Amino acid sequence: MSSSTALPVVIVGGLHADARRAAVARLLADVPGSVVLHHDLATAAAGTVVRTVRDATGVLSTGEAPLVNDCACCALREDLVPELERLADAGGTPLAVVELWDSVEPRAMAEVVTAGGFTVTGVITAVDPALVLPYLGNGDDLAEGGLAAAATDQRTVADTFARQLEYAPVLAVADSPEADDEDRELLSQLHPTARRVPIGHGDPAGAPSALAQAAFAGFDVEAAAAAQHPACALLPAEADAHGVATFVWRRYRPFHPERLYQALEDLTCAAARSRGRFWLADKADALLHWDAAGGALCVESAGPWLASLPDAAWELVQPVRRAAAALDWHPEHGDRCQHLVFTSPGLDRDGLERLLESCLLTDAEYAAGRAAWRRLPPAFDTLLEV
């Protein structure tokens, strides 16, 4: 076994900086000898990325990573693996904790670390439950808050936070006195499969904390990437508790492109978070991804529906994708379907359902057949940059 693969790496991220720092401090306290690597991107605009390596006793070293193509995240990618290699070669480190800067997303870094020959044993997003709704509703650009990772970074606070939250299989949850049952329920419904671990104060008896156990629980980078693909994402199920609801809408009839386009603003603002996959009558072969948070919607093509591919191409598709298609399979349309999920406090499920239904093809439009569907107004061409 090489020194690289022998060094376990846990990635801890999240825009909730206080919660993230508390989670990292907990890991340092609970895993003696562990070391934290952190790249501060706040100074990137001035041309530098500051790297800090520390353990429970304090800072071990600092340095600067050069900017690559004026991209702070690129600098992080170029500098992180060599630093991990130095730690691994020195030996004696039971756990390397990669603490991500505020807006850095864990998926990219997990893939970088794995490609560098290391084993990612955990990905953790730290969360303050009281801040979930405010961050999810924040449609400001990251740049407005000094959180952009590059001059060209056009992400928003809401969509960045949503991806950080939904990618991690473990959520380190801060004990926030401001959080109420609605806040905790919203967190639970947004990512129902996540293991939620209190950051806590450790075990006085010296046993590993739940957070430390989660850091070594194991992580499958390929499976995590597949779970983010809109064709096979494991979306939340129906739920309704403590004033928070998740509405799951599934249909096997295409949308009328013009009516859906006209309803986009109302649909986007109907919930704090909505996501899923859908199909338009005039683009029957395109699997479209719906991703909304903070009052902003991103719609993009995620490739073809499997039903539109020749049989020979199926062998090139990941098994998880084929399995997901089989679950959705319709005798006439194959895996084409509408599968949209809306999660929010105070959700108007009935009104949302009526609006969605009104955007589908009518019986007469449906009966006209696919040749007629293709002639419908291409309302989404601009949005999809077709």
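1. Let's start with Leu41. Skipping the neighbours within four places in sequence, Leu41 is in contact with Val49, Ala72, Cys73, Leu76, Trp101, Val104 and Ala149. Keep in mind that you're looking at a predicted model.

2. Now zoom out from that residue. Leu41 belongs to the largest nonpolar core, which has 59 residues, and it sits with Ile11 and Leu84 among those with the most contacts inside that core. Helix α2 (residues 72-90) supplies the largest share of this core, 10 residues. There's also a second, separate core of 25 residues, including Leu264, Leu267, Phe278 and Leu352.

3. On to charges. Side chains of opposite charge can pair when their charged atoms come close. A search of the whole structure turns up 28 salt bridges. Here are a few of them.

4. Arg163 pairs with Glu105, with the closest N and O atoms 2.8 Å apart. This links distant parts of the chain: Arg163 is in helix α5 and Glu105 is in the loop between β5 and α3, 58 residues apart. Glu105 is buried, at 16% relative accessible area, while Arg163 is partly exposed at 27%. Both belong to a network of salt bridges that also links Asp153, Arg155 and Asp159.

5. Arg250 forms a salt bridge with Asp328, and their closest N and O atoms are 2.1 Å apart. Here strand β10 holds Arg250 and helix α10 holds Asp328, 78 residues apart. Asp328 is buried at 4%; Arg250 is partly exposed at 33%.

6. Finally, look inside helix α6: Arg184 and Asp181 are separated by about one helical turn because they are three residues apart in that helix. Their side chains meet in a salt bridge (3.5 Å, N to O).

Note on methods: Residues are numbered from 1 along each chain as its sequence is written. This is a predicted model: local features need pLDDT of at least 70, side-chain atom pairs count only at pLDDT 80 or more; totals for chains, interfaces and linings use all residues. Side-chain values use heavy atoms; hydrogens and water are left out. A nonpolar core is a set of buried Ala, Val, Leu, Ile, Met, Phe, Trp, Tyr and Cys residues joined through side-chain atoms within 4.5 Å. Buried means under 20% relative accessible area, exposed over 50%, partly exposed in between (1.4 Å probe, protein chains only). Helices (H or I, at least four residues) and strands (E, at least two) are DSSP runs, numbered from the N terminus. Contact means heavy atoms within 4.5 Å. A salt bridge is a side-chain nitrogen of Lys or Arg within 4 Å of a carboxyl oxygen of Asp or Glu.
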